[in-house]
Amino acid sequence: FIGGGTYWWVAIRWKPPPSIFDSPVDDALGYLALPDFNKLPVEERLKFLLELADRFRGLQPQESAAAAAFLAGVVGPARAQLHENARTLAKDVLAGAAAEYIDLPEEQRGPFIDKWVADWMRLGERMTRGEERPRSDDERLAEARRDIQRNRDRVAEDGGPPPPSDRIASRFMDFWQSEVEQASSPKEQGQIVRFMNDVRKRLTR
């Protein structure tokens, strides 16, 4: 009886993620709107999102309809929890990287930023395409810098708004203040702002 009670107590306190490919699509999506999602390590949350993206690319028509119906029905507390889960994941990702960055010697910080940016570019490729593009990290970073420079040149020719580095910083600060800051401790806030400023400087140098 004690053993069964203990199991029941644990079961209602935390629900592990469902199997992405073996569960109904609404069950897989529903896990994103549970507080339990936030209890997973960052790596497992990201893995869950990658597998969910893979599942969505292969949805059958009836599954697509079920997914659309589920998403349309996410309202009230469930929608608020989904928002909270996304905000917490963003904070955890940034706080973890920033804390590691701050502890590094000065000469190791530049390479750390390069790897961090390249890792996230690879993750984006994996999530949107289902696979990484066949290129090196140096090529990824070079492409990111070329994109920024092209945008700067376009702005200069048009006599338009501020350079992209300024707009990127502004958008990040808006996102930070509206979403991430309230989920972060004062220490995390200071480290994240410093880290992201250094990322911006390295990509726009």
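This is a predicted model: local features need pLDDT of at least 70, side-chain atom pairs count only at pLDDT 80 or more; totals for chains, interfaces and linings use all residues.
Residues are numbered from 1 along each chain as its sequence is written, and side-chain values use heavy atoms, leaving out hydrogens and water.

Now find helix α6, residues 106-129; helices here are DSSP runs (H or I, at least four residues), numbered from the N terminus. Buried means under 20% relative accessible area, with a 1.4 Å probe and protein chains only. Just after α6, Gly 130 takes a positive phi of about 90 degrees.

Setting aside neighbours within four places in sequence, Trp 116 is in contact (heavy atoms within 4.5 Å) with Leu 94, Ala 97, Phe 195, Met 196 and Val 199. Trp 116 and Phe 195 are among the residues with the most contacts inside the largest nonpolar core, which has 18 residues. Such a core is a set of buried Ala, Val, Leu, Ile, Met, Phe, Trp, Tyr and Cys residues joined through side-chain atoms within 4.5 Å. Helices α5, α6, α7 and α9 each supply at least two residues of this core, and α5 gives the most, with six. Apart from it lies another core of 12 residues, among them Ile 20 and Phe 37.

Notes: The expected span of a helix is 1.5 Å times one less than its number of residues. Buried means under 20% relative accessible area, exposed over 50%, partly exposed in between (1.4 Å probe, protein chains only).
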